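Please read them with the structure open beside you.

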Amino acid sequence: MTPATAKTLTIRRYRPGDREAVRNLHDEALNEVGAHLGSGPWDEDLDAIESVYLEGGGEFLVGTLEGKVVAMGALLRTSDERAQVTRMRVSPNLQGRGIGQELLDRLHGRAAELGYASLHLDTTAQQVAAQRLYEKNGYRETGRGTVGPFRCLYYERETGA
């Protein structure tokens with residue numbers, strides 16, 4: 001991470017006033033890698049972040065630079081001992097500066113605090129940088145499949161990894 005980014009990036013819990021910025025970042029980041037299906041029921045969780053994530057035993061974090069939401073990531077409870085890392089996004093013009101790593105580190109810490117023994121996630125085949133990030137952080141590929149028109153890779157890791 002560049003020194004300027006390290007000094008000014010703030011990672012905090014999602015607030016209701018972040019809703020529009022989160023949606024815009026989500027769309028921008030997926031459009032950049034050609035992995036966006038457009039608006040649909042698959043994104044309904046972004047309209048109910050408080051109930052789906054914050055009140056549902058998970059977490060939703062945003063990263064801000066100079067007050068602007070530039071990154072996001074979440075934990076979605078999938079069982080008493082397991083959570084899904086999801087909605088990981090970094091503004092395309094800020095990728096490669098360690099922001100995704102910092103956000104993932106915070107999610108890992110929060111998963112441990114919440115008592116999750118393992119984490120799982122999926123990413124599309126074209127999101128090579130995301131695959132590298134997850135593999136570097138101890139995630140192992142557990143399978144492949146398709147979601148809509150996209151080829152996906154599935155990953156898992158123990159929270160202590």
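This is a predicted model: local features need pLDDT of at least 70, side-chain atom pairs count only at pLDDT 80 or more; totals for chains, interfaces and linings use all residues.

1. V147 stands opposite F150 in β7. Two residues lie between the strands of this hairpin, and G148 in the turn has a positive phi of about 60 degrees.

2. The sheet as a whole. The order of the strands is β1-β2-β3-β4-β5-β7-β6, in an open sheet of seven strands with mixed pairing. Which strands stand at the edges? They are β1 and β6; each has a single partner strand, so one side of each is left without a neighbour in the sheet. On average, neighbouring strands of this sheet are turned by 25 degrees against each other, direction ignored. As background, strands of a sheet pair through backbone hydrogen bonds, either parallel or antiparallel.

3. Helix α5 against the sheet. α5 packs on the sheet and touches β4, β5 and β7. The direction of α5 makes about 160 degrees with that of β5.

4. β1 and β2 run antiparallel and are joined by five bridges; T10 stands opposite T64 in β2. β2 and β3 also run antiparallel, with seven bridges between them, and the bridge partner of T64 in β3 is V69. T64 can therefore be followed on both sides, to T10 and to V69. β2 and β3 form a hairpin with two residues between them, where E66 in the turn has a positive phi of about 50 degrees. β3 and β4 pair over seven bridges in the antiparallel sense, and S79 has R82 in β4 as its bridge partner.

5. Burial of β2. Is β2 buried or exposed? Seven of its seven residues are buried, so β2 is largely enclosed by the rest of the structure. E59, L61, G63 and L65 point one way from the strand, while F60, V62 and T64 point the other way, and all are buried.

6. Aromatic pairs. How many aromatic pairs does the ring-centre rule give? The count comes to four. In one of them, the rings of Y14 and F60 have their centres 5.6 Å apart and their planes at 70 degrees; planes over 60 degrees apart count as edge-to-face, so this pair is edge-to-face. The pair links distant parts of the chain, 46 residues apart: Y14 is in the loop between β1 (9–13) and α2 (19–32), and F60 is in strand β2 (residues 59–65). Y14 is buried, with a relative accessible area of 4%, and F60 is buried with a value of 0%. Another pair is Y134 and Y139, whose ring centres lie 5.7 Å apart with planes at 70 degrees, so it too is edge-to-face. Both Y134 and Y139 are buried. Y14, Y53 and F60 form one aromatic cluster.

7. The nonpolar cores. The largest nonpolar core has 27 residues, and those with the most contacts inside it are V85, M88, L104, L119, Y134 and Y139. At least two residues of this core come from each of β1, β2, β3 (68–79), β4 (82–90), α4 (99–113), β5 (118–124), α5 (128–136) and β7. The largest share, five residues, comes from α4. Leaving out residues up to four places away in sequence, L104 touches V85, M88, L133, Y134, N137 and Y139. Another core lies apart from the largest one; it has 12 residues, among them V22, L46, I49 and L54. In soluble globular proteins, nonpolar side chains tend to be buried together.

8. Helix α4. This helix has 15 residues and reaches 21 Å from its first C-alpha to its last, close to the 21 Å expected at 1.5 Å a residue. Which residues of α4 are buried? They are I99, G100, Q101, L103, L104, L107, H108 and A111. Just after α4, G115 takes a positive phi of about 85 degrees.

Definitions and conventions:
Residues are numbered from 1 along each chain as its sequence is written. Side-chain values use heavy atoms; hydrogens and water are left out. Helices (H or I, at least four residues) and strands (E, at least two) are DSSP runs, numbered from the N terminus. Rings of Phe, Tyr and Trp (its six-membered ring) pair if their centres lie within 6.5 Å; planes under 30 degrees apart count as stacked, over 60 as edge-to-face and the rest as tilted. Buried means under 20% relative accessible area, exposed over 50%, partly exposed in between (1.4 Å probe, protein chains only). A nonpolar core is a set of buried Ala, Val, Leu, Ile, Met, Phe, Trp, Tyr and Cys residues joined through side-chain atoms within 4.5 Å. Contact means heavy atoms within 4.5 Å. The expected span of a helix is 1.5 Å times one less than its number of residues. Axes are lines fitted to C-alpha atoms, for helices over the stretch in contact, and angles run from 0 to 180 degrees between N-to-C directions.
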